[in-house]
Amino acid sequence: MSVRLTRPIYLMMLPVLIITCAFFLIPMGKLILISIGGEEGAMTYWHALTDSRYLSSLLQTLVLSITTTLTTLAIALVVGMFLARNRFPGQSALVSLLTFPLAFPGVVVGFLVIMLGGRQGLSAELGLLLDGSRWTFAYSIVGLFVGYIYFSIPRVLITVMSAVEKMDLMLEEAARSMGASRLRVLLDVIIPALKPALIASGAICFATSMGAFGTAFALASGINVMPMTIYTEFTLGANVAMAAALSILLGLITWLVLLLARSVSGANTTPAA
Amino acid sequence: MNINEHGASIRLEGCTKTFADGTLALHPLDLSVQAGETLVLLGPSGCGKTTTLRLIAGLEFPDEGGRILFDNEDVTHTPIEKRNVGMVFQSYALFPNMTVAENVGYGLKVQKLKAAEIKSRVGEMLEMMELGALAHRRIDQLSGGQRQRVALARAIITSPRVLLLDEPLTALDAILRDRLRADINSLLRRLGITAIYVTHDQDEAMALGDRIVVMDHGRVSQIGTPKEIYFAPQNDFVADFIGQINTFAGPVCNRQMQLPGGVLSDTALADGEGKVYCRPEDIEITDSAGAGLRGLVYQTQFIGDRNRVWVKGASHELVIVDSDGRSDFRIGQEVGLQIRPEQMIVLDRRAESA
Amino acid sequence: MKRSLSYYLQLGFTLLICAFMVVPVLMSVAAGLTNNYFQGLSSGLTLRWIEEVLALYSDTLWLTLQLALATLVVNLIVGVPAAYYLASSSSRWARIFEELIVLPVAIPGLAIALALIIAYGGVHGLRTSWLFILIGHVLYTLPFMVRAVLAVLHSINFRTLEEGAASLGAGFFRRFIDVVVPNCKGGIISGALMTLTLSVGEFNLTWMLHTPLTKTLPVGLADAYASMRLEISSAYTLIFLVMLLPLMIGVQWSGSRLRISRV
């Protein structure tokens with residue numbers, strides 16, 4: 001139904017359009033121009049994809065992000081289903097505790113990982129007790145992984161929990177009335193019903209991990225994730241064109257993954273941190 | 001309290017409505033509404049009744065060439081804010097962020113009346129609609145019937161020249177609907193306002209309307225008083241849509257229609273293929289012996305004030321007969337059907353193709 | 001009520017994950033309040049690290065607050081009308097704009113910051129001003145405000161409310177202020193809390209855009225982690241958590257309120 005009630009409506013969009021154009025579209029445009037404006041021109045992209053340093057950084061980041069996503073999804077599925085389905089005293093407190101780190105910036109998460117696995121950390125103390133050596137994991141890829149899981153769990157958990165709450169209980173009851181075992185119900189009814197939410201939150205988790213900078217920065221590990229590579233190219237290497245090209249590539253990958261997930265699942269996707 | 005001297009007369013001339021995607025929602029419509037009349041727009045979903053209402057309201061505008069006049073004033077291009085109509089929406093559209101009193105007084109506030117005057121007029125209106133005790137309640141604390149009355153109060157307090165009601169009773173349960181139907185009816189009579197009422201419920205239409213406009217697929221099927229619509233439908237659609245109706249169709253020879261269960265006689269029947277309608281309450285069940293039209297009882301249903309009987313074999317379809325509540329029939333029992341000629345509805349074939 | 005083994009296993013796992021999330025935070029809080037981390041709690045509780053942090057980094061606290069509030073104001077003025085437009089319009093352009101507005105969230109903050117520096121880094125006075133960071137924060141948080149308000153608008157039938165107000169004579173702006181905005185309150189509050197929370201905790205963008213004179217709390221934290229002793233870093237983190245806590249509670253509370261009100 002067309003309703004002719006709203007004529008000044010274009011006024012409503014003007015401020016946001018100005019901001020988006022001036023501060024997003026134009027800068028991104030310039031970024032693309034810079035990326036092909038270096039001495040290598042458009043070959044910068046080719047260089048970015050073939051040079052072993054950049055390629056290994058990309059692959060490491062991809063592997064890390066994928067592993068993080070799958071692990072987080074698994075954890076969130078178990079915990080999310082448990083919390084959404086069972087009421088017990090303290091349940092909402094648990095939910096709050098699990099989702100509280102939602103807004104922690106990556107640097108803080110890195111610091112917390114050091115608290116857990118640094119040279120004076122919890123696992124180091126544990127190691128001293130058990131076998132006399134300090135168990136340190138914070139500065140290796142394990143530490144990075146732990147950090148990435150830490151900031152991924154809250155967001156994925158919230159999405160999974162709300163999806164579980166929306167699930168129609170009657171579908172499960174129908175399956176059980178036909179004799180399906182708990183495992184069958186999980187595989188045949190629950191996971192398909194949760195698929196959109198899992199895909200959407202998985203994509204966000206992946207995108208966030210790909211673009212995560214603060215955690216790697218704080219942990220100063222030898223692992224060079226893409227954002228770190230971009231950062232060093234820009235600040236230390238003064239290779240603006242390469243930094244720009246890598247940024248565009250990274251942005252393209254994350255955007256495509258989110259787009260794909262949205263078309264498959266039709267859900268709302270908003271990464272953070 | 002007299003809200004209005006009387007409402008405005010309304011005239012629609014050649015109004016069509018095409019939507020953005022190209023669908024023609026309304027074929028050229030000419031409509032004339034008398035001042036103070038309650039006109040009901042009746043029809044199934046998608047028939048164009050709501051579109052017509054919205055054209056009259058000023059929420060939509062007719063395609064080029066159409067005209068809408070209130071009391072001879074051309075309001076075709078006047079938007080709703082300036083048309084001075086009162087509208088009751090299907091979902092009431094009460095403002096959740098305001099109390100009952102604030103909702104009712106909103107129209108007056110927009111007109112920039114003084115606060116004291118708004119307060120006194122709102123108070124009067126709430127008393128009249130028996131909402132006085134609810135003045136400071138929030139909307140979500142009201143029952144369906146209460147919300148409906150608030151919506152009505154809000155619409156009429158500004159003394160609009162036309163009151164538009166878009167299926168205002170659809171959201172309520174059956175018992176409440178019956179009660180409120182009577183209330184709305186007496187309110188409209190009392191106010192003397194011109195009202196356009198949209199509904200898909202024929203009982204409502206016949207109870208409330210001075211005249212009914214039966215619409216189908218963007219066209220007017222028939223305009224008439226409730227009795228005209230009910231007893232003298234002018235085409236298949238109206239006959240079918242209003243109330244229950246039985247169809248008798250068959251070859252006619254010598255004023256007699258041949259049917260599976262016998263014959264049907266009527267002087268109005270012309271030779272050739274014939275079609276006759278008849279209402280369930282106008283058919284009498286008699287002894288099968290000697291009856292011109294016979295059939296077998298297929299099913300019965302006691303509804304309290306009548307006994308509804310389905311008879312098989314008399315016509316090509318099941319014949320529905322409303323019999324006295326105290327009557328009794330066995331399934332399979334052979335019965336005769338008697339219809340008095342004056343109660344047979346024979347359609348004028350020429351009127352149908354109009 | 002009999003609980004199966006699987007129930008307890010799940011409970012145990014959940015508690016384990018919970019511990020994983022909470023323990024390091026508690027450790028950090030404790031470290032910020034103990035005299036000497038390596039000696040542990042036996043060295044006694046103290047507030048001196050917090051005092052030191054406040055002495056060293058109070059400017060970061062103020063700037064963070066200033067930025068968060070400024071971002072909020074911009075988001076309210078720009079985002080609410082934008083959400084209204086997107087909810088009212090069914091045209092293809094509206095859908096394209098919606099995608100466009102959300103794009104900054106899909107792209108890593110680092111890339112956006114880089115783009116901003118390249119585009120406006122040379123503008124005299126802007127590069128060293130806190131406004132530069134403000135731009136980044138607005139770009140990043142605006143989609144959340146728009147989304148939150150849009151969600152509420154989709155769930156209430158604001159079209160019909162507008163028609164109701166119009167039938168009573170209200171013009172466009174009257175309707176917007178009297179009817180549309182008050183009924184979006186839940187979405188606006190939710191979006192506002194999200195904006196504040198995200199702005200306070202933003203690092204990826206801010207790190208690239210900051211200068212020594214325009215440091216926010218997270219940027220200060222990164223500095224502290226690199227160069228300060230553990231107790232100071234922990235105390236600083238503690239202050240950050242304290243700032244974040246009411247915002248987080250607010251976000252959770254407003255989120256559940258929205259769910260309940262949608263009866």
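**Reading helix and sheet**

Guide: Helix α8(C) is mostly covered, with 15 of its 17 residues buried. Buried denotes 20 or more other C-beta atoms within 10 Å of a residue's own, exposed 12 or fewer, and partly exposed the range in between, with C-beta atoms placed from the backbone. This is a predicted model: local features need pLDDT of at least 70 and side-chain atom pairs pLDDT 80 or more, while totals for chains, interfaces and linings use all residues. Residues are numbered from 1 along each chain as its sequence is written, and chains are lettered from A and ligands numbered from 1 in the order written.

Visitor: What should helix α8 of chain C span?

Guide: The expected span is 1.5 Å times one less than the number of residues. For α8 (residues 185–201) of chain C this gives 24 Å, and the end C-alpha atoms are 24 Å apart, which agrees. Helices (H or I, at least four residues) and strands (E, at least two) are DSSP runs, numbered from the N terminus.

Visitor: Why does V149(C) count as buried?

Guide: V149(C) counts as buried because it has 31 C-beta neighbours inside 10 Å. V149(C) lies in helix α5 (residues 130–155) of chain C.

Visitor: How are strands joined in a sheet?

Guide: Strands pair through backbone hydrogen bonds, either parallel or antiparallel. Pairing requires at least two DSSP bridges between two strands. In chain B, an open sheet of six strands has the order β6-β7-β8-β3-β9-β10, with mixed pairing. Its edge strands, β6 (85–88) and β10 (219–224), each pair on one side only. Strands β3 and β9 of chain B run parallel, joined by four bridges.
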